Amino acid sequence: RRRSMYLIELLKKIFRDKNLGIIIYLILNIFVVVMILSSFFASNKINGILFGIIAYLLSVSIALSPIGEWLLRLQTNCKVIKRVDYLEKLNPLFEEVYNKAKEIDPSISSNIKLYMNDNMEPNAFATGRNTICLTKGLLSYTDDEIKAIFSHEFGHLRNKDTDLLLLITVGNFIIMFFFIVFRLIFRTTGIIASIINRSWGTLIITLFIDTIYVAMFSLWTRLGAVLVLHSSRRSEYEADKFAFDTGYGYYLAEALDKLSLYSGERSKGIFATLMSSHPRTDDRIAKLQELGVEYRRTF
């Protein structure tokens, strides 16, 4: 029953106007993945399509499971916090925000845990269904600023933004895997054939087709970025609104001003993806001010 309720909530969150770009890209992703996997069943296309759909759904199930979440934490180097002084500082802040978030929306998961990575750039991000991870650099911020950032991340989990990112990531991973495998096989076969036959023409054709293949994949990636990032930026505003609703709007604006001094472009992996999806800091603060936040920067 709990799983069915979760799926219902996820579908409600997905099919909203702000997610139009993600929905389009998700459909395209599923189509491409199914077509790739069904190609292994040349003699029976219907069975191939069914296999592709089942394989994709299985991959999504794994990604949304505790195993998938563990893999995400491994990728982002988010670890269980063990130092007593860190726990004494962070746990009360985390629990305070968690309780307020649950008061606003009781459907928020009761299993959300706090983790930390060693990145010295101050920030935090939500990933999977039950993970909030802060960087070690965020420890230098005030308690109120940390609570405000936590509330923003709870907003992402409440809105299922991280689940949508997972759905996209699964499709992209499958497509990228087959892109790399096919390219490796094609290039290797072409080069070996050109050497055996001593044919410059075969080598040139192989490299030309490979260049086109790479360009097509690059265009696919850029299309995904255009579609997904538009929705992601609107998600940031919604998470900021949730922080405002939980009473941390002023300190979120203050924290955002500090965070703007750091560039997410220096970060790697999924962290860089999350950072690139954020709107301009000034725009986010302006939205908070429109909501009634009285924050003004001290120059």
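The chain in this predicted model contains 11 helices and four strands. Of its 299 residues, 42% are buried. Among contacts with a separation of 6 or more, 70% join residues 24 or more positions apart.

Select the four strands next. They form an open sheet in the order β1-β2-β4-β3, with mixed pairing. The edge strands are β1 and β3, each of which pairs on one side only.

Strand β1 (79-80) pairs with β2 in the antiparallel sense over two bridges. Within this pairing, select Lys79, which stands opposite Met116 in β2.

Strand β3 (residues 124-127) runs antiparallel to β4 (residues 131-135), and four bridges join the two. Phe125 stands opposite Cys133 in β4. Display the side chains of β3: Ala124 and Ala126 point one way, Phe125 and Thr127 point the other way, and all are buried. In a regular strand, side chains alternate between the two faces of the sheet. The hairpin of β3 and β4 has three residues between the strands, and Gly128 takes a positive phi near 65 degrees there.

**The nonpolar cores**

Select Leu90, Ile132, Leu134, Phe150 and Phe154: these residues have the most contacts inside the largest nonpolar core, which has 37 residues. Elements that each supply at least two residues of this core are α5 (84-104), β2 (113-117), β3, β4, α6 (143-158), α8, α9 (249-259) and α11 (281-291). Helix α5 gives the most, with seven residues.

Center the view on Leu134 to examine the packing. Leaving aside residues up to four places away in sequence, Leu134 touches Ile81, Leu90, Leu114, Tyr115, Met116, Asn117, Asn123, Ala124 and Phe150. A second, separate core has 22 residues, including Val33, Ala63, Leu164 and Leu227. In soluble globular proteins, nonpolar side chains tend to be buried together.

Select Leu58, Ile62, Ile67, Trp70, Leu71 and Leu74, which make a nonpolar surface patch of about 630 Å². Helices α3 (45-63) and α4 each supply at least two of the residues, and the largest share, four residues, comes from α4. Leu74 lies in helix α4. Why does Leu74 count as exposed? Its relative accessible area is 54%, and the exposed class begins over 50%.

**Salt bridges**

Color the charged side chains next; the chain has 17 salt bridges. Side chains of opposite charge can pair when their charged atoms come close.

In helix α5, select Lys100 and Glu96, which are four residues apart, about one turn of the helix. Their side chains meet in a salt bridge at 4.0 Å, N to O. Lys100 is partly exposed at 31% relative accessible area, and Glu96 is partly exposed at 29%.

Proceed to helix α8, where Lys241 and Asp245 are likewise placed four residues apart, about one turn of the helix. The salt bridge between their side chains spans 3.0 Å, N to O. Lys241 is partly exposed at 34% relative accessibility, as is Asp245 at 37%.

The side chains of Lys136 and Asp118 meet in a salt bridge at 3.4 Å, N to O. Lys136 lies in the loop between β4 and α6 and Asp118 in the loop between β2 and β3, so this pair ties together parts that are 18 residues apart in sequence. Both count as partly exposed, Lys136 at 27% relative accessibility and Asp118 at 47%.

Arg198 is exposed, with a relative accessible area of 77%.

Finish at Asn77, in the loop between α4 (66-75) and β1. Asn77 is not a glycine, yet it has a positive phi of about 60 degrees. At 33% relative accessibility, Asn77 is partly exposed.

Key: Residues numbered from 1 in each chain as written. Predicted model: local features only at pLDDT ≥ 70, side-chain atom pairs only at ≥ 80, totals over all residues. Heavy atoms only, no water. Buried < 20%, exposed > 50% of the residue type's maximum accessible area, 1.4 Å probe, protein only. Pairing = 2+ DSSP bridges. Core = buried A, V, L, I, M, F, W, Y, C linked by side-chain atoms within 4.5 Å. Contact = heavy atoms within 4.5 Å. Patch = residues over 30% accessible without salt bridge, like charges linked within 9 Å, V, L, I, M, F, W, Y side chains within 5 Å. Areas by Shrake-Rupley, 256 points an atom, 1.4 Å probe, with all protein chains shown as cover.
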